[in-house]
Amino acid sequence: MNSKYKSLASFPLHNLQHCRTIAKVRLKWVKNRSLDHIIDVQTDIKAACLIKNAIIRSPTGYLTSKSLLDSQKLLGLTVPTLRFMRRYPTLFEEYPHPKYPSLACFKLTELGMMMHHKELGVFEQCEADIIERLCRVLMMTRNHMLPFQSLHPLKWDLGLPDDFDRKLIRKYPDHFRVVKGSSGSNWLKLVGWREEFCVSALQRMNEKSIDGAPGYRGFKRGEAALEFPMSFPRGYGAQKKVKAWMDDFQKLPYISPYEDSRGIDPNSDIMEKRVVGVLHEFLGLTVYKKTKRNYLRCLREELNLPHRFTRIFTRYPGIFYLSLKCKTTSVALREGYQRGKLVDPHPLARHRDKVHYLMRTGLIYRSKALDVIPRLDNVGEEDDDEESEDEEIEVSGEDYDSEAETSSDED
């Protein structure tokens, strides 16, 4: 038997078809100002990097104001794109078109180009990690393949180079292959199963547990179920009904996101825990432990997620946080953050912090690009802007869930 099916097959069939027995607890949505602020800041960083990539791709080396007029929604901005770019003269330089003086053009500043080359260095340094992350995403899907139209919106979140589909995957023919889908579109397919990548983050976390605890080894022998780390909003953890509900949930068998789940009853409690596990693993693979809800919806069928699976986010507020900042709906993994900062920042996240620092400097260092570079090495090492976990109860979980379901994401 293929090793990737062993854990699933070890569970009795009646457990896999187990009906729902865990009572639903109605929770109130709690606004997390710290995570909302992070999403707000990262939206601006992402927009700046997307514009930078578009300028780099342009054969002329610049973008005209006319070409940027309809880009606000695509970039996820809450302000017009031209106004946004003019806020950050450290990255973007505006000048008149050589032939049409009334047409504004934008190119990268010396500092902006320097940061682009630094980013390329980070991608090169992290290439093995990028390949592993991409393999894991494909391994979680039903047929170990995904359409590029679903992967492209996730480039920023998964930390993929802008040209990963044209250059990176071609360097690894023993890992990936481009195939045609039924509609004629291009799909990225995993060439072979990677046994070394089929252990989830939760399994690795439990494998490193304190000696004497059941942990992952106990789970492998069928003696224990793996528990998800939970960080409830203030006041939830002390509620008896919530504690009883979570205890029952944590005791359910853990199905790895890399297992074939097609034999599980889609209406069972075990399937619900499996869905939580898939979303937990996927968010854990992202650079910022978060992504847009609509991006996950595009992966629903391939990840074998049930209809309206996004209700999981409000049903388990100790694991996930759902945000409506920046006119979109984002979902974050709570365990990825502590006191308003990433617990384990990826090298690419550290580089993006430096980009944000340059954006904030505004006009001050506009003509002194080289003088700013030494300062960048210290960005992120000091906790001068540390955010606190201020939270306020806003609306009931049911009301918020309805609002989030009907809101439209700006992808």
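At 21% relative accessibility, Tyr-95 counts as partly exposed in this predicted model. Tyr-62, by contrast, has a relative accessibility of 17% and counts as buried, because the cut-off for a buried residue is under 20%. Tyr-95 belongs to strand 3 (residues 92-96), while Tyr-62 lies in the loop between helix 3 (33-57) and strand 2 (63-64).

The structure contains 10 aromatic pairs. One of them is formed by Tyr-62 and Tyr-95, whose rings are arranged edge-to-face, with 6.2 Å from centre to centre and 80 degrees between the planes.

Between strand 3 and strand 4 (residues 104-108), 5 bridges are found, in the antiparallel sense. In this pairing, Tyr-95 stands opposite Cys-105 of strand 4.

Cys-105 has a relative accessibility of 0% and counts as buried. Cys-126 is likewise counted as buried, at 8% relative accessibility. A disulfide is a covalent bond between the sulfur atoms of two cysteines. A search of the whole structure finds 0 disulfides.

A further aromatic pair is formed by Phe-228 and Phe-249, and this one is stacked, with 6.0 Å from centre to centre and 25 degrees between the planes. Phe-249 is a residue of helix 13 (240-250), whereas Phe-228 lies in the loop between helix 12 (215-220) and helix 13. The pair therefore ties together parts that are 21 residues apart in sequence. Both Phe-228 and Phe-249 are buried. Together with Trp-245, Tyr-254 and Tyr-316, these two residues form one aromatic cluster. Lys-273 lies over the face of Phe-249, at 5.5 Å from the ring centre.

Another open sheet consists of 3 strands in the order 5-7-6, again with antiparallel pairing. Its edges are strand 5 (145-147) and strand 6 (176-180); each has a single partner strand, so one side of each is left without a neighbour in the sheet. From one strand to the next, the twist averages 30 degrees. Strand 5 is joined to strand 7 (residues 186-190) by 3 bridges, and the two strands run antiparallel. Within this pairing, Leu-146 stands opposite Leu-188 of strand 7. Helix 7 (residues 127-139) packs on the sheet and touches strand 5, strand 6 and strand 7. The direction of helix 7 makes about 100 degrees with that of strand 7.

Methods: Residues numbered from 1 in each chain as written. Predicted model: local features only at pLDDT ≥ 70, side-chain atom pairs only at ≥ 80, totals over all residues. Heavy atoms only, no water. Pairing = 2+ DSSP bridges. Helix = DSSP H or I, 4+ residues; strand = E, 2+ residues; numbered from the N terminus. Axes fitted to C-alpha atoms, helices over the stretch in contact; angles between N-to-C directions. Contact = heavy atoms within 4.5 Å. Phe/Tyr/Trp six-rings, centres within 6.5 Å; stacked < 30°, edge-to-face > 60°. Buried < 20%, exposed > 50% of the residue type's maximum accessible area, 1.4 Å probe, protein only. Lys NZ or Arg CZ within 6 Å of the ring centre and 35° of its normal. Disulfide = S-S within 2.5 Å.
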